[in-house]
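Here are my notes on the model you sent, as numbered points.

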Amino acid sequence: MNVFWREMKAHRKSLILWSVGMFLMVLSGMGKYEAYSSSGQSINDLMKDIPQSLKAVLGFGDVDLSTLSGYYSILYLYILLMATIHAAMLGASIIAKEERDKTSEFLFVKPIARNTVITAKLSAAFLNVVILNIVTFVSLVSILAKYNTNGEAVNQDIALTMVGMFISQVLFMTIGAALASVKRKPKTAASLATGILLLTYLLSIIIALNENLEGLKYLTPFKYFEAANVMFGEGIEAIYVIISVVLIGVLTFVTYTFFKKRDLNI
C-alpha cells in the first residue's frame, strides 16, 4: 500500500475545489479593479475617506491603488489568507484523518513504520501546497495580463509574493500537523490551527494600527512577507525566511516525535 498516493487520491477533490476557488477569487478581484478603473474616478480618491482603522482591517496600505501592482498588493492579502487556511487545515487533517475516519487499525497493522507513514502524509500535503501555489501563480499571471493595459512589469512582483506565500503555506501546514500529533483529540486540530492563523492575522492588523507594537511583527507570519514590503520595499528579507525555516523544522520534529509516542484511538 502506497500511503503517499493514497493521501493524494483522498485529497484530490478537495485540491480541485480549492484550486477553482483560488482562480475565481483572482478573477473576481480583478473584475473589481476593472470596475473601479472604468468608473472615471481614481480608486485612491474613493478610498481616501475610509478611516485608517478600516483600511488596516481591509489590508489597504499606503500604495497607489490606481496601478495594477498597487491593487494586486491588496488582493494578495486575501489570496494569502485563503492559501494559508487551506494549508493549516490540510496539515491537521492529513495527520488526524485515520482516527477521524476510524481507519487507524487498518493502516497500522500493515508492516510499515510510523515514521514512514508521517513522511508519506507530509509529502502528500507538501505536494498539495505546491500545486495550489502553482495554480495561483498561473491564474494571477494570466488574469492580470488581461488588465495590464499600461504594460506594467508585474510578473516578477507576482513571483516574489508567491515565494513568500509558499513559505507561509508550508509554515501553517506544519502548525496543523504538529497540533494533530500533539492533541489527544486530533479531530479538533484543524479548527485550532485555523484559530491560530486568524489570531496571527488579527495581530498583524493590530500592529498596523499601532506603530508602538512593531516589535511584535516577528510573532505573526502575516508580517513576514507583506506584499507592499516585498514589492516596493526590502523584498523577501532573510530574517523572516530564517525564522520560518526554523519554525518549520521544529514543528516537523514535533510532529514526528509526538505521533510516534501517542496511543491511537482506533
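1. A crossing of two helices is called left-handed if the near helix is turned anticlockwise from the far one by less than a right angle, and right-handed if it is turned clockwise. The crossing of α8 and α11 is left-handed by this convention. The model is a predicted one, and the points below should be read with that in mind.

2. Overall make-up. The protein chain holds 11 helices and zero strands. Read from the N terminus, the order of elements is α-α-α-α-α-α-α-α-α-α-α. Of the 266 residues in the chain, 46% are buried. The chain exposes about 13200 Å², and 63% of that area is supplied by carbon and sulfur atoms.

3. Contact range. Taking contacts between residues at least 6 apart in sequence, 73% join residues that are at least 24 apart.

4. Helix α8 against helix α11. Two packed helices are described by the angle between their axes and the distance between the axes. For α8 and α11 (residues 238–261), the axes come within 8 Å and cross at roughly 25°. Angles under 35 degrees count as roughly parallel, and α8 and α11 are therefore roughly parallel to each other. On the α8 side the contact is made by Ile 167, Val 170, Leu 171, Thr 174, Ile 175, Ala 177, Ala 178, Ser 181 and Val 182. On the α11 side the residues are Val 241, Ser 244, Leu 247, Ile 248, Leu 251, Thr 252, Val 254, Thr 255, Phe 258 and Phe 259. By class, the residues of this contact are 14 nonpolar, five polar and no charged.

5. Helix α8 against helix α9. Helix α8 (residues 155–182) also packs on helix α9 (residues 189–209), at an angle of about 140° and with the axes 9 Å apart. The two helices are therefore oblique to each other, since only angles over 145 degrees count as roughly antiparallel. α8 passes α9 in a right-handed crossing. Phe 172, Gly 176, Leu 179 and Ala 180 of α8 meet Ala 189, Leu 192, Ala 193, Ile 196, Leu 197 and Thr 200 of α9. The contact of α8 with α9 comprises eight nonpolar, two polar and no charged residues.

6. Helix α1 against helix α7. Helix α1 (residues 3–10) and helix α7 (residues 114–147) have axes 8 Å apart and pack at an angle of about 40°. That angle makes α1 oblique to α7. The crossing of α1 past α7 is right-handed. From α1, the residues Val 3, Phe 4, Glu 7 and Met 8 meet Val 117, Ala 120, Lys 121, Ser 123, Ala 124, Leu 127, Asn 128 and Ile 131 of α7. This contact divides into eight nonpolar, two polar and two charged residues.

7. Thr 84. Is this residue buried or exposed? Thr 84, found in helix α5 (residues 68–100), has a relative accessible area of 0% and is therefore buried. Leaving aside neighbours within four places in sequence, Thr 84 is in contact with Ser 168, Gln 169, Phe 172, Leu 197 and Phe 222. Among these, Phe 172 and Leu 197 also take part in the contact of α8 with α9.

8. Arg 12. This residue lies in helix α2 (residues 12–37). Its relative accessible area is 45%, so Arg 12 is partly exposed.

9. Tyr 256. Helix α11 contains Tyr 256, which counts as partly exposed at 21% relative accessibility. Which residues does Tyr 256 touch, not counting those up to four places away in sequence? They are Asn 115, Ile 118, Thr 119 and Leu 122.

Key: Residues numbered from 1 in each chain as written. Predicted model: local features only at pLDDT ≥ 70, side-chain atom pairs only at ≥ 80, totals over all residues. Heavy atoms only, no water. Helix = DSSP H or I, 4+ residues; strand = E, 2+ residues; numbered from the N terminus. Buried < 20%, exposed > 50% of the residue type's maximum accessible area, 1.4 Å probe, protein only. Contact = heavy atoms within 4.5 Å. Areas by Shrake-Rupley, 256 points an atom, 1.4 Å probe, with all protein chains shown as cover. Axes fitted to C-alpha atoms, helices over the stretch in contact; angles between N-to-C directions. Parallel < 35°, antiparallel > 145°, perpendicular 65-115°, else oblique. Nonpolar A, V, L, I, M, F, W, Y, C, P; charged D, E, K, R; others polar.
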